[in-house]
Amino acid sequence: MASIARAVKVRRVEVSAGLQERLIDAVPEFRGDALVVELLLSAVESNVTTLLHVLEHGIDPGSVDPPPAAREYARTLAQRGVSVHAVVRGYRVGHGGFMDRSLDEAARQISDPVLLAAVTQRLIAVNFRYIDGISEHVIATYQQERERWLLLRSAARAGRVRQLLDQEQPDVSVAEAAVGYRLRRSHLGLVGWVPEATQDGAGLERLDRVTQAIGRRLGCSARPLFVPCDQSVAWSWLPVPGLEEIPWEAVRDVVGREDATARLAAGDPAAGMEGFRQTHQQALRARDVADLAVPGAQVTVFADVGPVALLLADFAAARGWVWQVLGALAAADEQDATLRETLRVFLSTGGSYTATARLLALHRNTVQYRVRKSREALGYPLDHRRPDVELALRVCHHVGSPVLRA
């Protein structure tokens, strides 16, 4: 083992350069950045030197700390946004290349097949233990640096975005440079949150993944502006292609597929600096509805709940108004819930019993019976306050028990 290590050490520079080329070919994320390429060679050389020292002197590979150059390389990759998967793959590829050189040297020096088999087994065992231990340390360094870097960058960006939202007439060019996002286009504002407790930035990573997936589904030409608010809430703006209607069912499918529990509130698409603010404010109002709603939807869209959201700005007054408008129909029981839903659909169809029956999969006579019972529960002729009744029913539909009479 010592003889093999000394023989490889003589060609350490050549071996390290060969491993660097092999890594650049195998891992695309390592290419293109001069600093990353330079630090890669330093990290490879330090790992090769350390591992050869382990082999030459019979040192326990589990007791060896990562070389400083390897840690520095991991920090640089974290700051450059290179994925942790690329880091892990890099160590696997580098490990394979070093093993090839070591086994070639073993075969050159040893003619006895029994001894060669024993040395090969030992080389593989020591190499695997070294790479396993070092990669764990390096990945931990990467994750710590990635979290620190994202926190610092996010805090700075969040401060600039909040300032931008508060300024009455900001300089658009300066603002674009500050937040790294073009404002002279159409935007879709989102507020995302994870309802359960998360740690170490896991919630924000989930929300970022969901936001990116929505951007791809909507055909966004650039990356969304993603601004963390805390460990479980983030604001984002998507540069949508235009102001045409958003396919919300497709968005709901994306969110449900990407994350089972993450929730989202969305504004309407709007253009320019004023639109940047407007769509964000609408997303915040939609989230207010989502927070009140029981059980609530995974995706809440301002286009669906806009009047409800504005009405709920004063929740106590809104609830009192709903009770007043709906009378006995505002009771929080299953029978009244059935009557409210039937009446809501009936009014949305323009008062068509046939259309309501089709939408609710009911017999027409059942719809007529429920509409008649709903009218009786109101306590006054429906036509006297029809717009109010329709809005109050929408509030009940989107919010549920919080606005109903116990």
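Two strands are taken to pair if DSSP finds at least two bridges between them. The legends below describe close-up views of a predicted model.

**View 1. Strand S1 and its bridges to strand S4.** Strand S1 and strand S4 (residues 263-266) run antiparallel and are joined by four bridges. Within this pairing, Gly-192 has Leu-264 of S4 as its bridge partner.

**View 2. Strand S1 beside strands S3 and S5.** With strand S3 (residues 233-238), S1 forms an antiparallel pairing over six bridges. Leu-190 is placed opposite Ser-236 of S3. S1 also pairs with strand S5 (residues 270-271), again in the antiparallel sense, over two bridges. Here Ala-270 in S5 is the bridge partner of His-187.

**View 3. Burial of strand S1.** S1 covers residues 186-193, and eight of its eight residues are buried. Both of its faces are covered. One side carries Ser-186, Leu-188, Leu-190 and Gly-192, and the other carries His-187, Gly-189, Val-191 and Trp-193, all of them buried.

**View 4. The largest nonpolar core.** This core contains 54 residues. The members that touch the most other members are Trp-237, Phe-276, Leu-312, Leu-326, Leu-329, Leu-343 and Val-389. Helix H10 supplies the largest share of the core, seven residues. Another core, of 41 residues, lies apart from this one and includes Val-27, Ala-78, Ile-134 and Val-138. In soluble globular proteins, nonpolar side chains tend to be buried together.

**View 5. Surroundings of Leu-326.** Leaving aside residues up to four places away in sequence, Leu-326 touches Arg-340, Ala-377, Leu-378, Val-389, Ala-392, Leu-393 and Cys-396. Leu-326 and Val-389 are both among the core members that touch the most others.

**View 6. The second largest pocket.** The volume of this pocket is about 180 Å³. Its lining consists of 18 residues, and those nearest the pocket centre are Ala-293, Gly-296, Ala-297, Thr-300 and His-398. By residue class, the lining has 11 nonpolar, five polar and two charged members.

**View 7. Elements that line the second largest pocket.** At least two lining residues come from each of helix H10 (272-292), strand S6 (299-301), helix H11 (302-311) and helix H16 (386-399). H16 gives the largest share of the lining, four residues.

How values were computed: Residues are numbered from 1 along each chain as its sequence is written. This is a predicted model: local features need pLDDT of at least 70, side-chain atom pairs count only at pLDDT 80 or more; totals for chains, interfaces and linings use all residues. Side-chain values use heavy atoms; hydrogens and water are left out. On a 1 Å grid over the protein atoms alone, a cavity is a set of points where a 1.4 Å probe fits but cannot get out, and a pocket is an open set with protein on both sides within 12 Å along at least five of seven lines; lining residues have an atom within 4 Å of a point. Grid points are joined across faces, edges and corners, and a volume is the space filled by probe spheres set on the points. Ala, Val, Leu, Ile, Met, Phe, Trp, Tyr, Cys and Pro count as nonpolar, Asp, Glu, Lys and Arg as charged, and the others, Gly among them, as polar. A nonpolar core is a set of buried Ala, Val, Leu, Ile, Met, Phe, Trp, Tyr and Cys residues joined through side-chain atoms within 4.5 Å. Buried means under 20% relative accessible area, exposed over 50%, partly exposed in between (1.4 Å probe, protein chains only). Contact means heavy atoms within 4.5 Å.
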